[in-house]
Amino acid sequence: MKTAEQLITKKLLVALAIILAAVFIPVPPVGKPVEELDAGSSFIVIDGVKIHYIDTGSGGKAFVLLHGFGASVFSWREVIPPLSKHGRVVALDRPGFGLTERADPAKMPYNPYTVEGEARLILRLMETLNISRAVFVGHSAGAYTALYIASKHPEAVEALVLIAPAWRMRDGGLQRLLLSLPLADKYGPLLLRAAVPYLEQTLYKAWYNKSKLTQYVVNGYKYPLNARNWDKGLYWLMKHRKPVEIDLDQTTAPVLVIHCTHDEIVPYEEGARLRSMLKTRRYSY
């Protein structure tokens, strides 16, 4: 019969084995290198990040399109063709999304998953493409980035079109706590893989007319889940993207706010409040 000391020793050894396994057994990566998933558009390396983007149209006016959370350039598939008749249109997969490379922020000259780093990357992309000034069209979280660029770099922004703008980012204390726990960097991405069904449910909430959400559209939004380390990119974004100061008084460009009264993700009141704060501006609508 085993003694109490032997039982305790066995339990300690089992616990130690579990801890060592958690620390040292690697989590296999998911997906393929982004260049192997090329959807017929282009890639460009900016400050060490391979950005997936579309560049079409021509003329003196330029448009830069910034999609929302969980989206990609696919979101603009019905917008780009008519808009390109009025000027040059550049749409990119924001860091952490689409087919843009999930670059490790620890190995980059600056962190592209912060609002400041993303803005810097976008401005560098514009510089590389010889675009000095553009109309920024931002949807949801992309509108937040567009507002930040307009407040900090007004010389680069001709006008703003903000669609369902998620312009008041909240810094969740519990989320920050969980992301700071030991082994969060290793197992956080693994948990996000398990959350894919929930993310797909969120996609259905984004459509007022559910009949428009065909299988083709669902597949288009899910396609970036084939990209290498998509889970890590989303994890890095959740860990590093925090609220920043946006001074609306420094946003001197004309602003158009577009918001659906039935929005289930970003409440209509958010857009209405932003509109009211801009109501003294001559060109806000």
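This is a predicted model: local features need pLDDT of at least 70, side-chain atom pairs count only at pLDDT 80 or more; totals for chains, interfaces and linings use all residues.
Residues are numbered from 1 along each chain as its sequence is written, and side-chain values use heavy atoms, with hydrogens and water left out.

Let's start with the helices, which, like strands, are DSSP runs numbered from the N terminus (helices are H or I, at least four residues; strands are E, at least two). Helix 7, residues 196-205, packs on helix 8, residues 215-222, at an angle of about 130 degrees, and their axes are 11 Å apart. Those axes are lines fitted to C-alpha atoms over the stretch in contact, with angles running from 0 to 180 degrees between N-to-C directions. That makes helix 7 oblique to helix 8; under 35 degrees would be roughly parallel, over 145 roughly antiparallel, 65 to 115 roughly perpendicular, and the rest is oblique.

Who makes the contact, meaning heavy atoms within 4.5 Å? Helix 7 brings Glu200, Leu203 and Tyr204, and helix 8 brings Val218, Tyr221 and Lys222.

Tyr221 takes us to the aromatics. Rings of Phe, Tyr and Trp (its six-membered ring) pair if their centres lie within 6.5 Å; planes under 30 degrees apart are stacked, over 60 edge-to-face, and the rest tilted. By this rule there are five aromatic pairs. In one of them, the ring centres of Phe74 and Tyr221 are 5.3 Å apart with planes at 85 degrees, so that pair is edge-to-face. Phe74 sits in the loop between strand 3 (62-66) and helix 2 (80-83) and Tyr221 in helix 8, so the pair ties together parts 147 residues apart in sequence. Both Phe74 and Tyr221 are buried, where buried means under 20% relative accessible area, exposed over 50% and partly exposed in between (1.4 Å probe, protein chains only).

Tyr113 and Trp236 give us a tilted pair, because their ring centres are 5.7 Å apart and their planes are at 45 degrees. Tyr113 lies in the loop between strand 4 (88-92) and helix 3 (115-128), and Trp236 in helix 9 (residues 230-240), 123 residues away. Tyr113 is buried at 1% relative accessible area, and Trp236 counts as buried at 13%.

Finally, is Arg94 buried or exposed? Arg94 is buried, with a relative accessible area of 1%. This arginine is in the loop between strand 4 and helix 3. Leaving aside residues up to four places away in sequence, Arg94 touches several residues, including Glu118, His67 and Arg241.

Conventions: Contact means heavy atoms within 4.5 Å.
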